[in-house]
Amino acid sequence: MSDNKEKTEVQQQSAILSLNDDFALIRAFNDGNESAFRTLVNRHKEKVRNLIYVTIGNADAVDDISQEVFIQVYRKLKFFRFESQFTTWLYTITVNKCRDHIRKIKLRSFFSPLSHEDDTQHPAEHHKPDFDIQEIVQAKIALLPTKLRIPLVLRDFEGLSYQEISETLGTEVGTVKSRIFRARETLKKMLQPLQKELL
Amino acid sequence: MKQFNEKDFEQLSAYLDGELSASDKQKMEERLQQSPSLREKLHELAETKNQVGSLKGLQYDPYFETRLFEKISRKHDNLATLLLSRKPVIALTTFTIVILVVFRFNPGFIDNILEANKKSAAEFYAANLKPLFYATSLTNDDILNFAFNQVLPINKENHQVLSFGSGHSGEDILEVKDVVNTKTETNVDAFMHKFGIDAGKKPDVTRILQKYSDKIASAVLVKQNGVAVSSALWDCHQQLRRELLGFVSENSKSGVAISVRNELANIPAPKEPAELGEVFYYLSPDTFFTSQLPVNRNQIKQEIAEYKSQINEQGAKAAKTWQKVNLELRKLGKLNMALNSGYSIEFNTDSNVCRVIIPSETMPQKSRHKVDFAAKRIDSVFSTFKDFNPNMAIFGNGRQVDVDLQLHKNGNQLYYGNGNERLVGSNPQSYYRQYSAPERDGNTSQQGSGSRKIYQMEVLDSLNKIMRIYLHDSLQGPTPSNLSKGLDDFKHEMEQFRAEIERLRKEIKAEQQKKAKTQDTKNPVEI
């Protein structure tokens, strides 16, 4: 009951907020209105959290990373130049934080025993009897190279256009198109042996 | 069937995403109608896309903002804490940069810290340091001995003295010695007698010596278990020597005055200690260091004045002394071991002496005055006059005889010695009786039944030096006309003296040959 009530409140808030655009909130915050930032966070936090979750494939670190994202936004918002959408800027920060995290994990796993790496990095590799399709797909996405993984998630999970992805990652649209195709191809091959379960 | 390449599939993927232009979209749809395999491929891509798109997000987190804003306010309050706690590398980098900058613009940073620590240690050791008077009384003879032999008493009861000097490379040398007795080898009367100064001038000599007693007492500071020697002591010593030489050159009736005067004319005035700064050498069983001790000069002046007034009222013997300096050489020997660990100062101890050699590079630049030209010349002149040391000990027949090395003239006789003991004279037999027969080459030898050490060589060396001074050095400079006759007379006397020595040598040789013949007769060689 309480969950449903919360969701309803969120939907109501989103409906109200949709009347205001992000730029107005940023200006209000820069003029000293701290609550504008709170609204901005409320508006985008779930997208950011989920983007991080799907990108890094690990729920444990989502909270820390997403908070780091919004702390950086808080500190840098006065430098925002209103030349692109706020979400593009927000996703850029999020993606960079995800990249930093992935880099740290790789570095850590380099110095960790292999058995540990198997346990923590590829949980879906173990064919548990009561496996979850979502977990398997997410685990395979996590195995994709970062440069393929991020455009794929931004496109298929977040629903960004090629142009928005291009602006977020600072790459050409053609490159985005190519990487998204290659990501899908690679993921399809990874999921091939599990097609029966997935169907 | 037409083969498709990767570019075609990329286009197909973009078609799936609705990212193709209208014309490309139309073309792609035409190709899809014609190619089942392309449709198959589109189906596969769509499946994968759906699998990703159907991923569930995380559960709604109602406390996300609470945690976030708490974090923001905490970090906002103290950004430095954030940087230090979360970014140790930043902290380390900042520290390294600061250190680099500090060393770039202040290379003596570490030295300054060490110096500061040294200063605080110096303050500790400088506490309760008193003038030398507080440990021992300084007589005129002590001061004269200080000028001639560079020795000062620091504990007369325990017969301990402080000796100081300079090495050839400019190093300072300090010694604490346990001696047989601290009785001075030199005294004022002997000094005046040897240099031919009228007895009536004694108050003038005393005045000079007294003038330096305060300076010496304030340059050697003492406490019960430590002594601090100021670099001013070296300056004080040179000044005293120069003043004594000046006095001799003006007041001596003997030919030595001319020599001294000539020497002094070539010596520039020594630098004033005030120009040079002051450094102390502190020695105790705990430590040895060189530092500018925080000494209260006004207080020391006052303490010296109090001591002097006490002497005037009660006399030197009754004057209250503070505490005796008690430096045990055995304990200083342990310090030697401690100092040897990486300390550049050389430290030697023996059963009766503790010697500290302080290299010139260890001393601060401003205390480098001790080896200046004037100081060296004055030392050189004094080393010449060492031969006038009035109490040259001559050992003979197992006893010590203090022999006056002044030349005397008694009627037609000329002798070298005092009224009681003549080393060389017109009656060689008495000389033999006392000291046995000297070897011609002057080496120590054994003669007759007893073991006798003969120091003829030393005596003759001294004679030769004296003659050199009178007959050579004195004639180098301009000779006052009223002295020329006296010098001629003296030269004549010295020639007579030489002839006398030569005659003695012949007699000695004849005596030896005679003895040898007698022994040959008594002990015939067996065939």
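The structure is a predicted model, in which local features need pLDDT of at least 70 and side-chain atom pairs count only at pLDDT 80 or more, while totals for chains, interfaces and linings use all residues. Residues are numbered from 1 along each chain as its sequence is written, chains are lettered from A and ligands numbered from 1 in the order in which they are written, and side-chain values use heavy atoms, with hydrogens and water left out.

**Exercise 1. The interface**

Solution. 
- Step 1. The size of an interface is often given as the accessible area lost when the parts come together.

**Exercise 2. Salt bridges between the chains**

Solution. 
- Step 1. A salt bridge is a side-chain nitrogen of Lys or Arg within 4 Å of a carboxyl oxygen of Asp or Glu.
- Step 2. B:Glu19 and A:Arg155 form a salt bridge at 3.6 Å, N to O. Helices (H or I, at least four residues) and strands (E, at least two) are DSSP runs, numbered from the N terminus.
- Step 3. Buried means under 20% relative accessible area, exposed over 50%, and partly exposed in between (1.4 Å probe, protein chains only). B:Glu19 is partly exposed at 28%, whereas A:Arg155 is buried at 13%.
- Step 4. A network of salt bridges links A:Arg155, A:Asp156, A:Arg184, B:Asp17, B:Glu19 and B:Lys49.
- Step 5. B:Lys71 and A:Asp64 also meet in a salt bridge, at 4.0 Å, N to O.

**Exercise 3. Salt bridges within chain B**

Task: For the salt bridges B:Arg355 with B:Glu175 and B:Lys202 with B:Asp189, say which parts of chain B are joined.

Solution. 
- Step 1. The side chains of B:Arg355 and B:Glu175 meet at 2.6 Å, N to O. The pair links distant parts of the chain, with B:Arg355 in strand E10 (residues 353-358) and B:Glu175 in strand E4 (residues 172-178), 180 residues apart.
- Step 2. B:Arg355 is partly exposed at 28% relative accessibility, and B:Glu175 is buried at 10%.
- Step 3. In the salt bridge of B:Lys202 with B:Asp189, the closest N and O atoms are 3.0 Å apart. B:Lys202 is in helix H10 (residues 202-219) and B:Asp189 in helix H9 (residues 188-194), so the pair ties together parts 13 residues apart in sequence.
- Step 4. B:Lys202 is partly exposed at 33%, and B:Asp189 is partly exposed at 47%.

**Exercise 4. Helix H11 of chain B**

Task: Check the span of helix H11 (residues 232-251) of chain B, and decide whether the helix is enclosed or open.

Solution. 
- Step 1. The expected span of a helix is 1.5 Å times one less than its number of residues.
- Step 2. For the 20 residues of H11(B) this should give 28 Å, and the end C-alpha atoms are 28 Å apart, which agrees.
- Step 3. In H11(B), 16 of the 20 residues are buried, so the helix is largely enclosed by the rest of the structure.

**Exercise 5. Chain A and a positive phi**

Task: Describe the secondary structure of chain A and the backbone of A:Phe82.

Solution. 
- Step 1. Chain A has eleven helices and zero strands, and 44% of its 199 residues count as buried.
- Step 2. In helix H7 (residues 133-143) of chain A, eight of the eleven residues are buried, so this helix is largely enclosed by the rest of the structure.
- Step 3. A:Phe82 sits in the loop between helix H4 (62-76) and helix H5 (86-111) of chain A. Phi of A:Phe82 is near 60 degrees, a positive value in a residue other than glycine.
- Step 4. Most residues other than glycine have a negative phi.
- Step 5. A:Phe82 counts as partly exposed, at 26% relative accessibility.
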